[in-house]
Structure formats: structure tokens, C-alpha cells
Amino acid sequence: MTRLRGPWSLSTRLTLLVAVLAIPVLLIIGLSYADQDRERRASELETATRSARNGAAIVDGFLRNLENTTFAMAGVLGSSTRPYDQANFGALLGSLARAYPELRAIFVTDESGKVVASGTGEGIGVDLSSRTYVAALKGGADRVWSGSITGLQTGDITVAFGRPIRGVDASTRGFVITAFYPERVLETLRVDVPTDAQLALIDERGRLIYASDRKEPATTEIDLIDAPGVRDALGGRSCL
């Protein structure tokens, strides 16, 4: 025979009442936290996107300026009848090097790819004919970016840009080449990156050129072609 329970005590009833009232309060708190978390994530994404676009615009401006400067330089050299050597053009290259402190080097090679003049006077006689960007120029390219390469003298990751020097008869007389460390460029241009974000520059092959969280300069190429979003970005598609 089941024994009937007596009425609940006051403390039990109060406890039950508090528990019942707490359920909707907890639900409201949980929903509010979820909304705040979504807003925080959306704000962080917007900040990261804005930083990435600003960084891309700053770097793009630097690269375009470099292309225009070397175009003018190639025009001056192409119209000159003086031999391409350090005595004749070292001072001109030196002035350009001072105007672009981001550059590691600016130099002129002969038509075979051997350095004949530089902004610092160093590297004269170095043969660059084995470099793919020089081979492309010798093959008739009007301009070429190297992408991520390992520097011959320093071993650090370097990016080079070159264009041909053509005489008044349109013959190729040599090449003007610039080279820079991506880390130095980004530090000089002062691209702002949120403290909890990473800015990475990747070349057309999917190789890492620069990463803002790197403590030491890269000395070996890092392949990121299979990393999430990289193929989309290289194809011109947003990977947000």
C-alpha cells in the first residue's frame, strides 16, 4: 500500500520555484552570449578582412611603383650609348637604392645575365643566367617577377623583379633587376595587422613569401598550395 506524502516543506517549494524561474533566465543568458559571440566573430572577421585588403593595397602600390621606376630606368639605359659598367651607372643605381630603402639590391646585367653595375658596387661579375627570371627575360619577356626564391648571397627568401633594357634598335642590351626581402618591405611599409591575426603573402606557385608571425627570416621555401583557401585565392576568389 502506497503511503501518501505530506505537503512539501517551505524550503523545498522555494527551491523548486527558484529552479523553475531560473530556466528562462539561463536560456536568455545563453542566447545573449551566443549573439555576443556571433557579433564578436563578425567584428573580428571584418577587422581581419579590412587589414588584409589594406595590406594588399599597400604592397600593390609598392610593386607598381617599383615597376614604373624600373621602366623609366630601362628607358634611360636603353637610350644611352655608354657601356654598362659601374663607372658609368653605379651612381645612378646608388641614388635609386637610397630612394628605395626597402630594396636589398638594384643592379644591371649584360645580355648574358652577368652583373655589370649595382647600387652598392657589390656583386659585380655575378652570373645570374641560371635564375629562372633571367631566363624568362632572355626568352623575350617584357617584365618578370621571380616569386619566392632563395638569395644567392644571403640564403634568405627574396623576391626579384626584372625587365629588359632595349636599345633604340629594339635589341636587348641587358637587364635591370631589383631584389628585396619581403620582411623588410612589410616592416618599412608598416602594414597594420591585428594582434590576434596573421598576414601571409603567397606567390603564384603557392609558396610562402612572408608571414607576420614569423620570428626569423625564412631560409627555405614553404609550399602552401594545399592549405585551405590558397587555391581559391590564387584563382582570384575570396576564401573568407
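Predicted model: local features only at pLDDT ≥ 70, side-chain atom pairs only at ≥ 80, totals over all residues.
Tutor: A helix here is a DSSP run of H or I with at least four residues, and helices are numbered from the N terminus. D60 and R64 both belong to helix α1, which covers residues 10-79.

Student: How far apart are D60 and R64 in that helix?

Tutor: They are four residues apart, about one turn of the helix.

Student: What makes D60 and R64 a salt bridge?

Tutor: The rule asks for a side-chain nitrogen of Lys or Arg within 4 Å of a carboxyl oxygen of Asp or Glu. For the side chains of D60 and R64 the N to O distance is 2.8 Å, so the pair meets the rule. Side chains of opposite charge can pair when their charged atoms come close.

Student: Why is D60 called partly exposed, and why is R64 called exposed?

Tutor: Partly exposed covers values between buried, under 20%, and exposed, over 50%. D60 has 35% relative accessibility, so it is partly exposed. R64 has 53%, which is over 50%, so R64 is exposed.

Student: How many salt bridges does a search of the whole structure find?

Tutor: The search finds three. Another one joins R143 and E67, whose closest N and O atoms are 2.3 Å apart. This pair links distant parts of the chain: R143 is in the loop between α3 (132-138) and β3 (144-145), E67 is in helix α1, and 76 residues separate them.

Student: Are R143 and E67 buried or exposed, or in between?

Tutor: R143 stands at 48%, which is between the two limits, so it is partly exposed. E67 stands at 15%, which is under 20%, so E67 is buried.

Student: How do you know that D142 and R166 form a salt bridge?

Tutor: Their side chains meet with 3.1 Å from N to O, and the limit is 4 Å. D142 sits in the loop between α3 and β3 while R166 sits in strand β5, so the pair ties together parts 24 residues apart in sequence. D142 is exposed because its relative accessible area, 52%, is over 50%. R166, at 31%, is partly exposed.

Student: How many aromatic pairs are there, and how is a pair described?

Tutor: The count comes to four. One of them is Y84 with F89, with 5.7 Å centre to centre and 70° between the planes. A pair of rings is described by the distance of the centres and the angle of the planes.

Student: What sits over the ring of F89?

Tutor: The charged end of R82 does, 4.7 Å from the ring centre. The distance limit for this is 6 Å.

Student: What makes S118 buried?

Tutor: Its relative accessible area is 3%, which is under 20%, so S118 is buried. S118 is found in strand β2, residues 115-118. Leaving aside residues up to four places away in sequence, S118 touches Q86, G90, L93, I106, F107 and I124.

Student: How do you know that the side chain of S118 has a polar contact with G121?

Tutor: A polar atom of the S118 side chain lies 2.8 Å from the backbone nitrogen of G121, and the limit is 3.5 Å.

Conventions:
Residues numbered from 1 in each chain as written. Heavy atoms only, no water. Helix = DSSP H or I, 4+ residues; strand = E, 2+ residues; numbered from the N terminus. Buried < 20%, exposed > 50% of the residue type's maximum accessible area, 1.4 Å probe, protein only. Polar contact = N/O pair within 3.5 Å; in protein donor to acceptor, adjacent residues only side chain to side chain. Contact = heavy atoms within 4.5 Å. Phe/Tyr/Trp six-rings, centres within 6.5 Å; stacked < 30°, edge-to-face > 60°. Lys NZ or Arg CZ within 6 Å of the ring centre and 35° of its normal.
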